[in-house]
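Let us read a protein model together, one feature at a time.

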Amino acid sequence: MLFSHIYLEEEIKNNARAEKILSKFPNANVIEIGHYKDVFCRKRQDVLLQGQTPALILAKDRGRLLYPGAAVCQNFGREHFYYTSCVMNCIYDCEYCYLKGMYPSGNLVVFVNLEDIFAKVEEALQRQDVYLCISYDTDLLALEKVTGYVGEWIEFARRHSNLCIEIRTKCAGQRFYAQWAPAENVIFAFTLSPQAVIEQWEHRTASLQQRLEGARAALERGFPVRFCFDPMIYCPDWKMQYGEMLVQVLGQIDMERITDVSVGSFRIPQDYLKKMRKMLPDSAVVQFPFENDNGVCHYPDGLMEEMERFLTDRLAEKIPAEKIFRWKDQAF
Ligand code: SF4
């Protein structure tokens with residue numbers, strides 16, 4: 001991964017994490033800026049064409065740092081569900097990704113004041129156990145060579161037994177796991193999709209086979225592993241595609257070793273979808289005639305039920321029902 005342009009907030013130019021990241025791109029053109037929003041929120045930055053590399057912006061997060069989990073996200077039965085975004089945007093380019101509808105730009109923002117986020121999490125941990133997703137608005141593991149943040153989070157989690165972290169990824173990252181001692185409160189959550197879906201809509205991500213090899217490496221190292229069959233994406237031959245995917249997954253992974261699984265079909269807030277439809281007029285995945293339920297767009301009820309049941313029924317033959325979390329079990 002090569003960034004030819006790096007924007008650096010003046011306030012953090014002597015920050016150790018910023019310096020470390022900059023040292024990895026000695027040939028990049030570094031441009032000092034006052035505030036990351038000066039670049040990130042600039043008009044006409046929202047579409048990154050396939051193959052185009054986003055600019056990197058190094059910044060300080062001066063916002064809330066810790067957010068309650070969104071209603072459209074699976075909480076896996078955890079009461080105190082939060083998420084945090086130490087990186088905004090992703091080096092991958094899933095056509096259906098809500099980030100396209102959420103952010104004004106496709107450029108990548110890396111916040112370097114991780115210690116402020118840690119302090120905020122520690123505040124919350126004094127009140128209660130915390131379940132924290134740290135890789136929603138990016139794929140943090142895919143950026144590990146640049147940031148080293150997953151490693152920092154593992155060490156942080158190791159010091160806080162009432163914290164449980166989820167790291168969602170579409171990355172293989174086999175070599176990563178050997179470098180870190182396992183932590184039982186750090187869950188690596190692999191999003192699994194049929195290879196045809198990956199090829200058509202999950203641009204630049206690891207193949208299904210590579211993700212399974214990553215999952216196996218994480219399991220062998222002793223990390224908890226979750227499988228997210230979420231979002232399920234409709235295509236005319238979805239039943240065949242998802243059926244073949246399950247054969248591949250179940251043939252290679254001992255499901256008894258998997259912490260839990262989630263199943264959910266694609267859904268998205270209406271405002272994000274509106275923006276994405278404008279950006280991607282020819283995309284079958286975002287132009288689908290969704291139903292709108294209180295501002296959340298999803299496949300028609302019958303199709304949603306059929307798709308999710310198809311997977312949950314088959315998974316129930318391999319893992320106990322209480323380990324299968326289905327999106328529909330939550331309220332919109
Ligand atoms: S991997 Fe996740 S965050 Fe990255 S583009 Fe795909 S859906 Fe978005």
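Q: Over what distance should the 15 residues of helix H13 span, and how far apart are its end C-alpha atoms?

A: This is a predicted model, where local features need pLDDT of at least 70, side-chain atom pairs count only at pLDDT 80 or more, and totals for chains, interfaces and linings use all residues. Residues are numbered from 1 along each chain as its sequence is written. Helices (H or I, at least four residues) and strands (E, at least two) are DSSP runs, numbered from the N terminus. The expected span of a helix is 1.5 Å times one less than its number of residues. For H13, residues 301–315, that gives 21 Å. Its end C-alpha atoms are 21 Å apart, which agrees.

Q: Which residues of H13 are buried?

A: A residue is buried if 20 or more other C-beta atoms lie within 10 Å of its own, exposed if 12 or fewer, and partly exposed in between; C-beta atoms are placed from the backbone. An α-helix has 3.6 residues a turn, so residues three or four places apart point the same way. In H13 the buried ones are Met304, Met307, Glu308, Leu311 and Leu315. Their cover includes helix H10 (238–252) and strand E14 (260–265).

Q: Where is Thr259, and why does Thr259 count as partly exposed?

A: Thr259 sits in the loop between H10 and E14. Thr259 has 18 C-beta neighbours inside 10 Å, so it counts as partly exposed. Contact is the next term: two residues are in contact if their C-beta atoms, placed from the backbone, lie within 7 Å. Leaving aside neighbours within four places in sequence, Thr259 is in contact with Ile187, Pro224, Val225 and Arg226.

Q: What is the order of the strands in the open sheet of five strands?

A: Two strands pair if DSSP finds at least two bridges between them. The order here is E2-E1-E3-E8-E6, with mixed pairing. The edge strands, E2 (29–33) and E6 (87–88), each pair on one side only. Strand E1 (residues 5–9) runs parallel to E3, joined by three bridges. E3 and E8 (residues 108–111) are also parallel, over four bridges. E6 and E8 pair in the antiparallel sense, over two bridges.

Q: Which way do the residues of E3 point?

A: In a regular strand the side chains alternate between the two faces of the sheet. In E3 (residues 56–59), Leu56 and Leu58 point one way, while Ile57 and Ala59 point the other way. All four are buried. Ile57 stands opposite Tyr7 and opposite Val109 in E8.

Q: How many residues does the largest nonpolar core have?

A: In soluble globular proteins, nonpolar side chains tend to be buried together. A nonpolar core is a set of buried Ala, Val, Leu, Ile, Met, Phe, Trp, Tyr and Cys residues joined through C-beta atoms within 7 Å. The largest one here has 93 residues. Ile57 and Val109 are among those with the most contacts inside it. Helix H6 (residues 149–158) gives the largest share, six residues.

Q: Why does Phe40 count as buried, and what does Phe40 touch?

A: Phe40 is found in helix H2 (residues 37–40). Phe40 counts as buried because it has 22 C-beta neighbours inside 10 Å. Not counting residues up to four places away in sequence, Phe40 touches Ile57, Pro104, Ser105, Asn107 and Val109.
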